[in-house]
Amino acid sequence: MDATKTKPFNIDKKLVYDAYKAVKVNAGAAGVDGQSLEQFAQDLGRNLYKIWNRMSSGSYFPPPVRAVPIPKKNGGQRILGVPTVADRVAQMVVKQVVERTVEPVFMPDSYGYRPNKSALDAIGVTRERCWKYDWVLEFDIRGLFDNIDHTLLLRAVRKHVKCEWALLYIERWLTAPMELEDGTRVGRTRGTPQGGVVSPILANLFLHYTFDAWMTREYPDLPWCRYADDGLVHCRTEAEAVALKAALAARLAECQLEMHPDKTKIVYCKDGRRRGSYPSTQFEFLGYCFRPRGAMNRKHKMFTGFGPQVSASSLKAMRRKIRELRIRRRTHIRLADIAREINPILQGWLNYYGRYSPSGMHSVWKYVNATLIAWAMRKYKRYNGRKIQAGQMIGSIANKRRKLFVHWHQSTVGAFA
């Protein structure tokens, strides 16, 4: 007898395998069971069968998620809830089923965690709107993933998701406990853990009704942009922005959420044409800082525009990442080994932060070069204490082998002095 005919839920085995492939691409750390992706793959057939069998029979109960503290760019920590590999696969099965149902409902200006949309798309559209609208309301929702009301969320989920087993497992994931570093387990009555595979799409659905649909209904003539819990609304006047801020705070409270008081502000998009004054003339969004800055028009004349460039906090985080690699002390490896390790990181930064005002990345490229010089001074005795000579040596290599490091395409020899 075909096993699928005896199960209460008809789940195609291919869904489970496709979900595993997606999880493998996304990589990630082990959960509470300590099992890595590599270990999971060693007995792949059996492990995937267990997931399919339990989900099909209705007997799949998610294990606790592992609490992992992650430092924020601006200080403090956020807690990620890392599921086990098997649970990530199970969540991906549900996510891919739910996504087909809710994606057509979502609005074009919701950019976070969606197929064929990116943070850079959000930056691009924001850049253009800042040219057209004088004011921006920048808002942030305090602890979104920790504070989503389950009753309101499930009401939205049930409106769109008719798959019985998907609904069952979403409810179970919402209440799965979190295991802290000391082994303590904490139950959940609110929120959906940041780090879970299914959490972003649930958060997007919640905010679709909390903000997106509300904004479109109540303020149809004001363009907005949202990436997860970070959002912007463009306004014509200061008074309009002030009134909207109060209305949005009330709307979030109605949905059991809170506007972050320190990260929410009204900004004047000051440029060469806008002569007014206001305390706030810059804002950060998705790692970019929007502010007045010098630019050159097509006739090669300088003017003051308002646009994006990599933010100071992003630059700081990139320098910290380079320090964490401890390149200066790894004198047992070659320059080519360093390049192989850090080029994927540098390429990612270049692809993202180099899209708009790439000159803003110069200080990071210079910091990487300084790190290579410090490495050379430690590795080669002849350069010990001789920074200028070590810089000349690295600069000479850069001139001859521009393709060795990603950022050497962007730098000049002067950056090695």
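Biologist: Quick one to start: what relative accessibility does Glu 171 have?

Modeller: Glu 171 comes out at 35%, which counts as partly exposed. Here buried means under 20% relative accessible area, exposed means over 50%, and partly exposed is in between, using a 1.4 Å probe and protein chains only.

Biologist: Before I go on, what kind of model is this?

Modeller: This is a predicted model: local features need pLDDT of at least 70, side-chain atom pairs count only at pLDDT 80 or more, and totals for chains, interfaces and linings use all residues. Residues are numbered from 1 along each chain as its sequence is written, and side-chain values use heavy atoms, with hydrogens and water left out.

Biologist: OK, back to Glu 171. Which residue forms a salt bridge with it?

Modeller: Arg 158 does, and the closest N and O atoms are 3.1 Å apart. A salt bridge here is a side-chain nitrogen of Lys or Arg within 4 Å of a carboxyl oxygen of Asp or Glu.

Biologist: How many salt bridges does the count come to?

Modeller: The count is 21. One of them joins Asp 18 and Lys 14, at 2.8 Å, N to O. Both residues lie in helix H1 (residues 13-26), four residues apart, about one turn of the helix.

Biologist: What about Arg 330, which side chain does that one meet?

Modeller: Arg 330 meets Glu 341 in a salt bridge of 2.8 Å, N to O. Arg 330 is in the loop between helix H11 (312-324) and helix H12 (335-353), while Glu 341 is in helix H12, eleven residues away.

Biologist: Which residues are linked in a network?

Modeller: Asp 134, Asp 271, Arg 273 and Arg 274, through salt bridges.

Biologist: Changing topic: in what order do the sheet's strands run?

Modeller: The order is E2-E1-E4-E5, an open sheet of four strands with mixed pairing. Strand E2 (77-82) and strand E5 (185-186) are the edges, each pairing on one side only. Two strands pair if DSSP finds at least two bridges between them.

Biologist: In which sense do E4 and E5 pair?

Modeller: Antiparallel, over two bridges, with E4 covering residues 178-179. Glu 179 stands opposite Arg 185 in E5.
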